[in-house]
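Let's take a walk through a protein together. Have the sequence and the 3D view ready, and keep glancing back at them as you read.

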Amino acid sequence: MSAHQTRWLDQIKTANSAYQARIVPGKLPVERAPGPAVITCMDPRVNLEAIGIPAFAGDGAGASPVRIIRTLGAMADSRSLLAGIFLAGFREIVLLVHTDCGCRLAYARIDVIVENMQNRLSPAAFQAFRADIGEPFAEKLRTYLKAFQDPRAAVEREIDSIRRLPFVPDDLILHGLLYELETGRVEVVVNGYE
Ligand SMILES: [Zn+2]
């Protein structure tokens, strides 16, 4: 494990030297710009170019004003939402859930997660966490993870749950989209303008 981490850190240092040699400092995004936000999954297969958010150019230019919040399953994080709405000024948010999500896998294979936790944590650490989550543990762990079976239903459920957060203003526009990994197609599940 540590050998791998050392190797990756070396790669990061090498990549950063190459990056600094390639970029044009005057083109780097140093000014803050207000903008909307996308909440999407941490899964690396979700390519935001599919919804018009480009990668940076080779010289370091081309930052999008869109804030990207990446979490497990594109399930919202209250801290990012609160600071985003009241400091960064989000007025519009897209929730982008995808097919074949790890959140779906986590729902189906919750027993594997529990077993792996038992194997890698000390008994005391495992019991303390289990006591925190509550019983029935596997079921409560699914809730904790916001694991889901149907991604379309998960979009609707998560939009509702964001709406119910006590600090979310009524005028915040929330859209819910579903991204199909196999085709790159994006479907509007919840249209926040309606
Ligand atoms: Zn995912």
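What percentage of the 194 residues of the protein count as buried? It's 16%, where buried means that 20 or more other C-beta atoms, placed from the backbone, lie within 10 Å of a residue's own. Before going on, know that this is a predicted model, in which local features need pLDDT of at least 70 and side-chain atom pairs count only at pLDDT 80 or more, while totals for chains, interfaces and linings use all residues. Residues are numbered from 1 along each chain as its sequence is written.

**The parts list**

The protein has seven helices and five strands. These are DSSP runs numbered from the N terminus: H or I with at least four residues for helices, E with at least two for strands. Starting at the N terminus, the order is α-β-β-α-β-α-α-α-α-α-β-β.

**The sheet**

Now find the strands: five of them make an open, mixed sheet ordered β2-β1-β3-β4-β5. Strands pair if DSSP finds at least two bridges between them. β2 and β5 are at the edges with a single partner strand each, so one side of each has no neighbour in the sheet. Parallel strands β1 and β2 are joined by five bridges, and T40 has R70 in β2 as its bridge partner.

| β1 | 37-41 |
| β3 | 92-98 |

**The core**

The largest nonpolar core holds 24 residues. Such a core is a set of buried Ala, Val, Leu, Ile, Met, Phe, Trp, Tyr and Cys residues joined through C-beta atoms within 7 Å. β1, β3, α7 and β4 each give two or more residues to this core, and the largest share, five residues, comes from β3. A74 is among the residues with the most contacts inside the core. Leaving aside residues up to four places away in sequence, A74 touches I39, T40, C41, L95, L96 and V97; a contact means C-beta atoms, placed from the backbone, within 7 Å.

Finally, look at α4 (residues 110-120) and α6 (residues 137-145), which pack at about 100° with axes 10 Å apart. Axes are lines fitted to C-alpha atoms, for helices over the stretch in contact, and angles run from 0 to 180 degrees between N-to-C directions. The two helices are therefore roughly perpendicular, a label for angles of 65 to 115 degrees. I110, D111, I113 and V114 of α4 meet F137, A138, L141 and R142 of α6.

Methods
A residue is buried if 20 or more other C-beta atoms lie within 10 Å of its own, exposed if 12 or fewer, and partly exposed in between; C-beta atoms are placed from the backbone. Two residues are in contact if their C-beta atoms, placed from the backbone, lie within 7 Å. Angles under 35 degrees count as roughly parallel, over 145 as roughly antiparallel, 65 to 115 as roughly perpendicular and the rest as oblique.
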